[in-house]
Amino acid sequence: MQFSIAQAAKAARVASRQVAKLSAIEKETLLHDIAQRMLEKTDAIITANKQDLAQGRENNLDDAMMDRLLLTPQRIQGIAEAVLNIAAQADPVGSIEHLQQMPSGIQVGKMRIPLGVIAMIYESRPNVTIDAAALCLKAGNAVVLRGGKEALHSNLALAECISFALDKNGIDPAAVVVVPNPDRAVMNELMTLNEDIDLIIPRGGEGLIRFVSENSRIPVIQHYKGVCHLYVDDAADEDKALNLLKNGKTQRTGVCNSLETLLVHQDIAPTFMLKVRALFDEFNVKVHACERSIGYFDNAGKATEDDWHAEYLAMEIAVRIVDDFDAAIEHIETYSSGHTEVIATQDFSRAQAFIRTLNSAVVMANASSRFSDGGELGLGAEIGISTSKLHAYGPMGAESLTTQKFIVLGDGEVRA
C-alpha cells in the first residue's frame, strides 16, 4: 500500500487525542518499553545503520554528516538512557500555575496541555527519531517524523522499537509516524497540512531550515545555525580558558554547540595565544585570523567578513583579538546566531555583565559550550533548539511541547 502523508497526518491527529489522555504512569511505562526495546534490538539497529553509513561513503558525505549518522552500541545506550531520563521527569501535562482569586470571586489559573501533532523534518541524525518521539509522547503529543534519506534504514529500525512499545501498551500506532518515503515531494506536502499538524521543527543544515521556514503553512521553530563564541577576558584563568576552547572546538566538531569563533582580550593575548597555537597545532585546526592575531599562527588565513558568520562544523575556527570587554560584546551582538555564548573570566562582575547583556538562547560563564544541550541542561534530551524566541527559546524539552489554557473555578458567580 502506497504511503500517504496526508492520511498519516490525519491518523496522527486522531491518535493525539488518546496520547493527550495518557496518565503520567502510562507515559513512563511506554518510554521504558521503548528504551528496553532499543537495547534488545541493538544488533539490528547497528546492521541497519551500517547500510546508511555505506551509502553515505558512496555519496561522499562529509565527516560531520558521517559522525551525526553513526550509531554505536555506546550511542544506542546513551539514547536509551536519554529516554529513561525523559520518563523520570515530572509530567508537564495537567500542571496548574498562577492560580489566583479574582475580585469577582472566581479563581483563575493556567493548565499545561499538549500542542497536538508535531512534525519533525531532519537530516542525518537517527537519534532524533527516538528523542523526538520520547519528548512528544511525554508531552502528550503525536508526532510525524520525516528523516533524511541518509538515515532511512536506521530510522526504520528505530521506528520498530517505537511501534513495538506502542502496541504493547495498547496505544494507537499512528501516534508516532516515521515517514518511510524520504522524497522531497512528501516533505513539501507535509508542510501544507496545517489542519492536522500544529508545529514543525526542522533540524539540519541552514538550507533545510530556511526552506522549511519559507515554504511551510504551519508554524516553524527556527534554528538556522550555531555560531558559538568563546570570549577570553583579561581576567581569565588561562588554563581553564584553554580547556574550554579545547572541549568546545575539538571534542565533536559536527555539532551545533561546538565553538566557531574565539575572541581574546588584547591584554592576555601575548601569553594566551601561544597556548592557543599549540592546541590548534596538536589538533590540526584550520585558523581564520584577524590582522592582530594572524602573526601567532604559522598557517592561518586572513579572516573575512564571512568567517565571522561561519558555522564550520569542522576543525576550523575564526580568531579575533579585541580591545576590551565592550568590543567582545559588540562583536558577538553583531555576528551571533542566538545559540550559545561563553565568557572565560575570574571577574564575577564581568561574568554577570556578560550574562545580563547577551540575549542568546544559552549564555555561560566559565563552562564549555558543549553543555548547551538538552540532556546536559536537565531536559533529558532535546527535540531541537529554538533561536527565534517564539514560542520557546534554546534547547527544547517536553515542557516546550506544551502550551497553556486558562481554567476558571467558580461557585455560581456571574459577571456584573
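**Close-up A. Pairing of strand 8 with strand 11, with Val264 opposite Ile321.** In this predicted model, Val264 stands opposite Ile321, a residue of strand 11. Strand 8 and strand 11 run in the parallel sense and are joined by five bridges. Six of the seven residues of strand 11 are buried, so this strand is largely enclosed by the rest of the structure. In a regular strand, side chains alternate between the two faces of the sheet.

**Close-up B. Strand 9 and its parallel partners.** Strand 9, residues 286-289, pairs with strand 11, residues 316-322, in the parallel sense over four bridges. Within this pairing, His288 has Ala318 of strand 11 as its bridge partner. Strand 9 also pairs in the parallel sense with strand 10, residues 301-302, here over two bridges. The bridge partner of Ala289 in strand 10 is Lys302.

**Close-up C. The salt bridge between Lys249 and Glu260.** The side chains of Lys249 and Glu260 form a salt bridge with an N to O distance of 3.1 Å. Lys249 belongs to helix 10 and Glu260 to strand 8 (residues 259-265), so the contact ties together parts that are 11 residues apart in sequence. Lys249 has a relative accessibility of 0% and therefore counts as buried. Glu260 is likewise assigned as buried because its relative accessibility is 0%. In general, side chains of opposite charge can pair when their charged atoms come close.

**Close-up D. The salt bridge between Lys27 and Asp91.** A salt bridge joins Lys27 to Asp91, with 3.0 Å between the closest N and O atoms. The pair links distant parts of the chain, 64 residues apart: Lys27 is in helix 2 (residues 24-40), while Asp91 lies in the loop between helix 5 (73-88) and strand 1 (96-101). Lys27 is buried, since its relative accessible area is 2%, below the cut-off of 20%. Across the whole structure, a search finds 21 salt bridges.

**Close-up E. The salt-bridge network of Asp233, Asp234, Asp347 and Arg350.** These four residues, Asp233, Asp234, Asp347 and Arg350, are linked in a network of salt bridges. Asp234 counts as partly exposed because its relative accessibility is 33%. Arg350 is also partly exposed, with a relative accessible area of 25%.

**Close-up F. A patch of negative charge on the surface.** Asp267, Asp324, Asp326, Glu330 and Glu333 gather in this negatively charged patch. One of its members, Glu330, is found in helix 13, which spans residues 325-335. Glu330 counts as exposed because its relative accessibility is 55%, over the cut-off of 50%.

**Close-up G. A nonpolar patch on the surface.** Ile96, Leu99 and Leu409 form this patch and together have about 260 Å² of accessible area. Leu409 is placed in strand 16, residues 402-409. With 42% relative accessibility, Leu409 counts as partly exposed.

Definitions and conventions
Residues numbered from 1 in each chain as written. Predicted model: local features only at pLDDT ≥ 70, side-chain atom pairs only at ≥ 80, totals over all residues. Heavy atoms only, no water. Patch = residues over 30% accessible without salt bridge, like charges linked within 9 Å, V, L, I, M, F, W, Y side chains within 5 Å. Areas by Shrake-Rupley, 256 points an atom, 1.4 Å probe, with all protein chains shown as cover. Lys, Arg positive; Asp, Glu negative; His and termini not counted. Charge placed at Lys NZ, Arg CZ, Asp CG, Glu CD. Buried < 20%, exposed > 50% of the residue type's maximum accessible area, 1.4 Å probe, protein only. Pairing = 2+ DSSP bridges.
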